[in-house]
Amino acid sequence: MKHIAATPMPLLGRVLPGVEQARTYERRWLRADVLAALTVGAMLIPQGLAYAQIVGVRPVAGLYAGVFAMLAYALFGPSRHLLVGPEAGAAILTATALGPVVAGGGPERLASLAALLAVMVGALSLLGGLFRAGALADFLSRPILIGYVNGAALIIIGSQLARMLGLERKSNEFAGQLHEVAANVDRTHVPTLLLGLGIVAALVAMRRFLPRWPAPLVMVALTTLVAWRFQLENGGVKVVGPIATAAPAFGLPAIGFEDVRALLPAAFSLTLVNYASSVLAGRIYADHFGYRLDTHQEFLGQAAANLLTGLTQGFPVTGSDSRTAVNASMHGRTQLVGVGAAVMVLVFTLFLTPLLSKLPLVTLGAIVIVAAVYLLEWRPVVALWRVRPVEAVLAGVTTLGVLFLGILQGILIAVALALVDLIRRAAHPHDAVLGEREGLPGWHDVEGHADAETVPGLVVYRFDAPLFFANARFLREQVRRLVADSRHPVRWFVLDASSVFDLDVTAAESLEKVWHELTDQDITFAVAQARAPMRRMLRRSGLQDLLGQDLLFPTVGAAVRAYLAARDDARAVPDGEPLSSPQVH
């Protein structure tokens, strides 16, 4: 009975990670979580308003999208640090997708379509979680992770440059943002720039000398008071301004088959972008803080956030790199940060919107830029270059792709290049001719062991990769080379298949050609240590009958003993010189 009573909690913790976080919460984390929640909430308010404007819906929808997304993800999301809500990339993709579909239908139709798109993204994410599609994350290697982080950090910085200079940002692309700043640098609002640089310096100094202080929150409060006291708005410093509020509307968005069909490609793209960017960011902080991120559950976290947001007339949401970076920099430990930030934003939206009307926008820009700068990872790129340059190049390509092509495109290009590199390596894998060392059991690579001796007339060859279409020709060429370069006439050729865990049809046909070529030269071809998958393919392809069951050996040692026995029986001594049989294991 005790066992039955204890099982629901672990199961509940897997389905609802937020429950497990609450159950294991430690009181010493509370201060950092509360301070991080206040700061993140203060950041979300102007960001939510701005991203709602990008989508084209009422500004308050951005606040409610942040509230409901954080609450849903806190319950279903696997990351302890990732904060989900309105984000620039998702807002831009949403606006791009909705434009052709709205067709002049007005604000209400636009809001309904945005909510429908969020529900569709949530439904597709739910399918990804139910079908355990988190294996997609296995294609996101360490170089791709580093490249994505650097690209995302630079995108965040680029999105705030115009705000730091007191300029209007019109472009939503990194290159366009840089061009806008360069073209309008002569219109820089100097007081705004000086204020922004001062905030950046203060944030860096507090991070260095007062690491326990909630520096972003201090800057939000201080600059709001300064702006109110000295009326900075009258001097041209842009502030958040008044915020019109209204209660959220609950219910299913209007669903039409034509609308669903028109939005389906965008929903797929958003689902992939949301998942890829969120799981990459989540892995960064999971690795840093020492816990495991369930990549399957991440789909469910994204699904819950988008479904609830769509049902409250919001728009698609995703993991926020900037708010998550600030959360981590303030040592937030659990999703209590998201819950606290959601409560703060909700209370603020309903009752306290006038308080932030004087907050300078440059304050938020400075906070985001500092968080992004500390997110950049250049040393790992240098380390990759020293260890394996091709992976450093892959990280750089990912960064450039994310910057100039988009998050999804950049990640897909990097994954494609990684697969090409994998196929390139698999097409020319490591292999070895094996020999025996006196006093050391087994058969060993003759290149790695100078004192390893081969048996005249016998080639024992190990192939260290699965045999498939890309390396089948390489195997044949290596067999030909080894036979041609042998100092003694080759009588037997033994393929050590211990590392060949798979065999496709093309490779099976190539092995058959190897058998024919060797047989034509009066050379016996044998296979040793074939694994179960390879044995099945040998049997199904007919190679087992062609080779003969007596030439399929369980070990290399057994194959060598069979060769020695056959040599002695035939009294065929290579080069006419008597040889003592080596010790065989």
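I looked up strand β5 (residues 458-463) and found six of its six residues buried, so β5 is largely enclosed by the rest of the structure. Buried means under 20% relative accessible area, exposed over 50%, and partly exposed in between (1.4 Å probe, protein chains only). Strands here are DSSP runs (E, at least two residues), and helices are runs too (H or I, at least four), numbered from the N terminus.

I noted that this is a predicted model, where local features need pLDDT of at least 70 and side-chain atom pairs count only at pLDDT 80 or more, while totals for chains, interfaces and linings use all residues. Residues are numbered from 1 along each chain as its sequence is written, and side-chain values use heavy atoms, with hydrogens and water left out.

Next I checked the directions in β5. L458, V460 and R462 point one way, and V459, Y461 and F463 point the other way. In a regular strand the side chains alternate between the two faces of the sheet.

Then I traced the sheet. Six strands form an open, mixed sheet in the order β4-β3-β5-β6-β7-β8. β4 (440-445) and β8 (552-553) stand at the edges with a single partner strand each, so one side of each lacks a neighbour in the sheet. Two strands pair if DSSP finds at least two bridges between them.

I listed the pairings:
- β3 (residues 431-437) and β4 run antiparallel, joined by four bridges; E436 has W443 as its bridge partner.
- β3 and β5 are antiparallel over three bridges; D431 partners F463.
- β5 and β6 (residues 492-496) run parallel, with five bridges; Y461 stands opposite L495.

Last, I looked up R531. R531 lies in the loop between β7 (524-528) and α22 (532-541). R531 counts as partly exposed because its relative accessibility is 43%.
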